[in-house]
Each structure stands twice: as C-alpha cells, then as structure tokens.
Amino acid sequence: MNDEQDSPSRHLAAMRTLRLLTITSLLWGFCLLPPSELWALEKYGRPLPEMEGAHDQSEERWVHGYLLTGAFMHNPSFAARPDNSGLVGLRHMIHLETDIYKEYLQFYTDQNFFSDRKTGWISLSEWDSVYAFTGAIQNWGWRLQYERDAPLDRNGLIQAYADTLVTYRPADARSLSWWRSAFPEQNLTVYAGGGWLFHNQTYFARPDNSGRALFRYVAHADLDLYRNRVVLFVDGNFFTDRSASNVLQPSEFDLVMGLAVRYQDMEIALIHERDMPLDREGLVQRYTALQLRYEFEWTKSSSPANIAKGGHHAIR
C-alpha cells in the first residue's frame, strides 16, 4: 500500500529532476565556450527576441514597434562609425513595422543611432537605417532589405547594401507533448537560413573593413525560461567575401548572446557582442551593453482616419 502511495511522488520527483537537468544542460550548452569565443550582435534590432504575448492579437495591428536605448558598459573595440573610428558609448533605436497583407507581406524599418564615447557620450556619431519587406508562409520566412550605415558628425565612409534572406522555423518545442509535460513554463524556438547581398559596393566582409560581403548564413534561438518573462537568446551571423577564392566560405562570424527580463511592455537585456574574422587574423570588435526596450502598437481602430470618424483610440 505504501509503495502505491509513493509511486506518484516518485514520478513527480523524477519529472522535476528531468526538468532541472534539461534546463541546466541547455544553459551549459549556451555557455560552454569561453566568453572570448562566444559573444556578438548585429547593430540592427531584428535579432532581438520577439515580445510575443505582450498585446492582444484579436485586433488587427496598424503600426507595431519598439523604442530602445542602451549603454555600452564595456567597449574595448566596437567602433562608433562605419570607418571604424571611435568607440560606441550609447545606442538609441526605433523599430516600426506594419502588416500590408496579413503575415504574408509586412514592412519594417529600423533607425539606429550611436554616440562616440571618445568625443562625448551625448552627441551622435553614426546613423544606421534599415528598410525591408518581409513575410512568412507556414514555417518559411523571407526578407528583402536595404541598409545604409553613415557617419553623422563628420564626412566619411558610408556602408550600404541590399540583400534577400530566406529562413526556416520548425515547430516550437512547446508543440511536443513530452516537452509540455517536462517544461510547462518553458519554450524553445529556433530558425536558420541563408541570404544573398545582391547589391553591395561598400559593405565589408570582415570587422577590419576588408573584402565585400556576398552571402549571409543566420541561426537564431530563444530559450523562454519562464512564461516569456525571462528569455535567453543567441543569434549567429556568418558572412562570406565575394573577392575570396571560395565565395561560400565564411569570412566573418557575428554572434549574439543575451538575457532579457520583461514586465508588461518593458524589457531590460544584458547583451555581449563579438564580431570576428574567420579566415585570417584581424580586428575583433566586441562590447557588453545594457539595453532597455519599450514595445508599443497602434491598432486599426486607432488609425488617424478612424479617429477622425470617432473611432476608439487604442494605442497600447
């Protein structure tokens, strides 16, 4: 009789142990490499984890986006301008997106501003603009993007390119019954893909501004540790050099790793970046930053035309 009563307790204890071991293994896998070989982040905001669930999706969105500001607490080598001069002190960004036709066709823009800690933390030294069309069909995603990185406080080098990207996102881990049983409060989402910089005169293939990028390989993972309120994320980018003998071999590796904590529409994240060459010795750009992000949306009922007709103002 005692054995029958103890059986559910043993089963529950075993499930808790399995849950703890799996989460520990995932965290160990993310952190197995030493920091000098692990960190990096692209300047634009798309690699940041999605803040899904922050808003009511029952109403069609008109404009969705977020504001971001960050301080580069430790920055030994991440440049403040496209010509690799200065060192970034602060970053400010606005991200805006709108649905043109459901999830199949969307438009977004990222506007990034950086300051140079060597010439003052307040005045801006670089402006990076991104404009893109994107969409999704089932598990496949696509993007057509133009980016232009330019100095603000002086004349100098401008880096610009246009590219296309295709990604595949398998089903979330939460779709698996064994995962839901073992980790009811956690989730794991991943995607990977490849891109082609079809127009590129000045976007380089390495952090030291050598070569010209041709292909891009990407991979991304979000590990939701607790109800999308604590998220560990990692994002990797490989670039190839169109002037190299092997245009498919990566010449640069940029990798993101961060930990985000959320409350309603707010998020604070600790991020470390390392951009490094792969096919030769050269400049490595890296930093550690603390970023604050605020998400907002403007629904169809709160559009200017609808408000003029007496519609409900529903900015969240």
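Let me begin with the conventions. Residues are numbered from 1 along each chain as its sequence is written, and side-chain values use heavy atoms, with hydrogens and water left out. Because the model is predicted, local features need pLDDT of at least 70 and side-chain atom pairs count only at pLDDT 80 or more, whereas totals for chains, interfaces and linings use all residues.

Now the chain as a whole. Its secondary structure comes to three helices and twelve strands, where helices (H or I, at least four residues) and strands (E, at least two) are DSSP runs, numbered from the N terminus. Of the 316 residues, 45% count as buried, and here buried means under 20% relative accessible area, exposed means over 50%, and partly exposed lies in between, with a 1.4 Å probe and protein chains only. The chain exposes about 16100 Å², and carbon and sulfur atoms supply 61% of that area; the accessible areas come from the Shrake-Rupley method with a 1.4 Å probe, and for residues only the protein chains shown count as cover. If we take contacts in the chain with a separation of 6 or more, residues 24 or more positions apart account for 59% of them, contact being defined as heavy atoms within 4.5 Å.

Strands β1 and β2 run antiparallel and are joined by eight bridges, with Leu67 standing opposite Ile94 in β2. Strand β2 then pairs with β3 in the antiparallel sense over eleven bridges, and His92 stands opposite Phe113 in β3. The hairpin of β2 and β3 has three residues between the strands, and in that hairpin Lys102 takes a positive phi near 50 degrees, although Lys102 is not a glycine.

Moving on, strand β3 (residues 105–116) and strand β4 (residues 120–137) pair in the antiparallel sense over eleven bridges; a hairpin joins them through three residues, and Ser115 stands opposite Leu124 in β4. Strands β4 and β5 are likewise paired in the antiparallel sense, over twelve bridges, and Tyr131 stands opposite Tyr146 in β5. Their hairpin has two residues between the strands, and Gln138 takes a positive phi near 55 degrees there.

Staying with β5, is Asp149 buried or exposed? Asp149, which lies in strand β5 (residues 140–151), is buried, because its relative accessible area is 5%. Leaving aside neighbours within four places in sequence, Asp149 is in contact with a set of residues that includes Glu126, Trp127, Asp128 and Ser129, as well as Pro82, Gln159 and Tyr203.

A cavity, on a 1 Å grid over the protein atoms alone, is a set of points where a 1.4 Å probe fits but cannot get out, and its lining residues have an atom within 4 Å of a point.

Which residues line the second largest cavity? They are Arg61, Trp62, Val63, His64, Glu97, Thr98 and Asp99. Both β1 (61–74) and β2 (88–101) supply at least two residues of that lining, with the largest share, four residues, coming from β1. By class, the lining has two nonpolar, two polar and three charged residues, where Ala, Val, Leu, Ile, Met, Phe, Trp, Tyr, Cys and Pro count as nonpolar, Asp, Glu, Lys and Arg as charged, and the others, Gly among them, as polar.

Finally, two loop residues. Asn84 lies in the loop between β1 and β2, and Asp208 has its place in the loop between β7 (187–200) and β8 (213–226). Although Asn84 and Asp208 are 124 residues apart along the chain, their C-alpha atoms are separated by 7.6 Å. Not counting residues up to four places away in sequence, Asp208 touches Asn84 and Leu283. Asp208 counts as partly exposed because its relative accessibility is 32%, and Asn84 is also partly exposed, with a relative accessible area of 25%. Phi of Asn84 is near 70 degrees, a positive value in a residue other than glycine.

Notes: On a 1 Å grid over the protein atoms alone, a cavity is a set of points where a 1.4 Å probe fits but cannot get out, and a pocket is an open set with protein on both sides within 12 Å along at least five of seven lines; lining residues have an atom within 4 Å of a point. Two strands pair if DSSP finds at least two bridges between them.
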